[in-house]
Structures are given as C-alpha cells and as structure tokens.
Amino acid sequence: DLVEEVARIVGIENVPSVPMPRLHGITRTVLTEKQRRARRARRVLAARGFTEAVTWSFIVRDQARHFGGGGDALELDNPISTEMSSMRPGLLPGLLAAAQRNRNRGFRDVALFELGQAYRGDKPEDQFMVAAGVRAGRTRIAGTGRHWDGKLEAADVFDVKSDVVALLASFGFDAAKAQVTRDAPSWFHPGRSATLRLGPKVVLAHFGELHPDTLKLLDVEAPAAAFEVYLGSLPAEKRKSRAKPPLEALDLLPVTR
C-alpha cells in the first residue's frame, strides 16, 4: 500500500522501467518437493473421479476428541461459533459433513477429497499435511450411481485402497513394499480397514470403511469409505532421468457404459 501511494504522488510516468536481470538461460524449478506432491495429489485424485473440497479448519470439540484431538492447546480463545471451537486433528470430519450435506440435497453418490493441514498440537512440528478422501454411496472407479440391473454395490474398503495405492504410485512409491496392518484408528471399522506402514513407526496411510459410531456422531448415512495419506511421511522420491520415452497415443478412445 505504501508503494502504491508513493507511485501515485510521484506519478507512474516518472517511475523508470528497469529490466529484471537474467541470471541463467533456463528457468530453474521454484516449487518445493512438498508443493510438487500437493499438486500431483490433486491431479491424481481428480482423475479418479473425486471433487476437491475446502472445509473449515475448525470443528466441534466432541468430533475432535473422537478423531484423536480435542486438547486444550488446540481450543480457540474466540471461536466463530460453538461448532468451530477446536482445530481439526484430521480432514475426515469436514469431508464427511460436506458429503452428507450434498446427499441431503439430492446427490446420493459423492466422492470428495481435500488436501490440507491438520494439527496434533500447538507447536510448528505438530502441523502436518494430509490428503484425505471420502466415498459415500455408489461412487466407484468402474461405474457410479444407478445401474441398469440394479446390482451396483456401495463403495467399500477396496475402492479406497485402490485410491491410496494410485496416490502412492504417483509419488514413485510402490505400495507393495509397505506393511499392511490391522491397527487402523478407532474411527474406522475394525474389520474393514487397514494401515500402511513403512516400518514399525512410520505410518503412510489409513483406509477403510467408517465405523458406525463415527457415522452416528457426525450424522452421516451409512455406508461410507475414506482414506488418509500423510504426505510428509513418504520417503523422498528418487530423481529420474530427464529423457522421456516416445509418446504412444491411441487414436481410438475407450468407451464406458
């Protein structure tokens, strides 16, 4: 604002035009590894039929406690409302609420994803990046919504597992190298969920169907499947050669009925 006032008083015609120095011929990359992963994650999930959502970073404290948060350190001193009093410990509460709002307005089959920050505490290292997605209703990769024979089933644990595997593959990580354990968080269904680990301590992702108590707490219709991928826990991607293979483009596009 101060620069604008000086330019207005002096006159924009009196400000000399000075070219920016060109230090090198080829523009170097300016995006960090974190920014590149976030951009790639958005493209991959959108290509798999998801719609990106941006939800509030504040949720009800009871919901925050259910999803592993709700501590005093993450309570706002002056919240907008009583429903936005606690910093979110994950993205699933907001996504599930958004999915149910869409279903209440006639969109029975919803697939939403969000990529944003979540909080474990009030310290800088307690803030982490998550890519989360929710499939509610019959939102599957192969076919969505009503089917001509009426036998299309709702999205389940295998649908969100394929989303996680595809997302990890886009980062150059083979999901087959990770360990699949059954210790998913309590908001997932204990028999229809899993956790991907890289060793005993590093958690890469959670995925599965939501627990009935979780859906009841958020007033969400069952069933619903979801996943959480922790981008900061993924190993650094190996640098690949800049040489690209020849483009093999087919002139016949696939047809899906």
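**Salt bridges, buried and exposed**

Tutor: Glu114 and Arg88 are both buried. Keep in mind that the model is predicted. These two side chains meet in a salt bridge, with N and O 3.2 Å apart. The partners come from distant parts of the chain. Glu114 sits in strand β4, residues 110-119. Arg88 sits in the loop between β3 (86-87) and α4. They are 26 residues apart.

Next, Arg48 and Asp163. Their closest N and O atoms lie 2.7 Å apart, and the pair forms a salt bridge. Arg48 belongs to the loop between α2 (33-47) and β1 (51-52), and Asp163 belongs to helix α5 (residues 157-170), so the bridge ties together parts that are 115 residues apart in sequence. How exposed is Asp163? Its relative accessible area is 0%. Buried means under 20%, so Asp163 counts as buried.

The next pair is Glu209 with Arg192. Their side chains form a salt bridge, at 3.3 Å from N to O. Glu209 lies in strand β8 (residues 202-210) and Arg192 in strand β7 (residues 188-198), so this contact ties together parts that are 17 residues apart in sequence. Glu209 has a relative accessible area of 11% and is buried. Arg192 has a relative accessible area of 43%. That value falls between the 20% and 50% cut-offs, so Arg192 is partly exposed.

Some charged residues join in a network. Glu33, Arg36 and Arg37 are linked by salt bridges. In total, the structure holds 13 salt bridges.

Now the wider fold. The chain has six helices and nine strands. Its C-alpha trace spans about 70 × 60 × 45 Å along the principal axes. Of its 257 residues, 39% count as buried. Among them are Asp163 and Glu209.

Val6, Ile9 and Val10 form a nonpolar patch on the surface. Together the three have about 300 Å² of accessible area. In general, an α-helix has 3.6 residues a turn, so residues three or four places apart point the same way. Gly11 follows α1, and its phi is positive, near 105 degrees.

Last, α4. Arg88 lies in the loop between β3 and this helix. How many lining residues come from α4? It supplies four, the largest share. By type, the lining divides into nine nonpolar residues, three polar and three charged.

To recap the bridges: Arg48 and Asp163 tie together parts 115 residues apart. Glu114 and Arg88 link positions 26 residues apart, and both are buried. Glu209 and Arg192 connect β8 and β7, with Glu209 buried and Arg192 partly exposed.

Key:
Residues are numbered from 1 along each chain as its sequence is written. This is a predicted model: local features need pLDDT of at least 70, side-chain atom pairs count only at pLDDT 80 or more; totals for chains, interfaces and linings use all residues. Side-chain values use heavy atoms; hydrogens and water are left out. Helices (H or I, at least four residues) and strands (E, at least two) are DSSP runs, numbered from the N terminus. Ala, Val, Leu, Ile, Met, Phe, Trp, Tyr, Cys and Pro count as nonpolar, Asp, Glu, Lys and Arg as charged, and the others, Gly among them, as polar. Patches are made of residues with over 30% relative accessible area and no salt bridge: like charges are joined within 9 Å, nonpolar side chains (Val, Leu, Ile, Met, Phe, Trp, Tyr) within 5 Å. Accessible areas come from the Shrake-Rupley method with a 1.4 Å probe; for residues, only the protein chains shown count as cover. A salt bridge is a side-chain nitrogen of Lys or Arg within 4 Å of a carboxyl oxygen of Asp or Glu. Buried means under 20% relative accessible area, exposed over 50%, partly exposed in between (1.4 Å probe, protein chains only).
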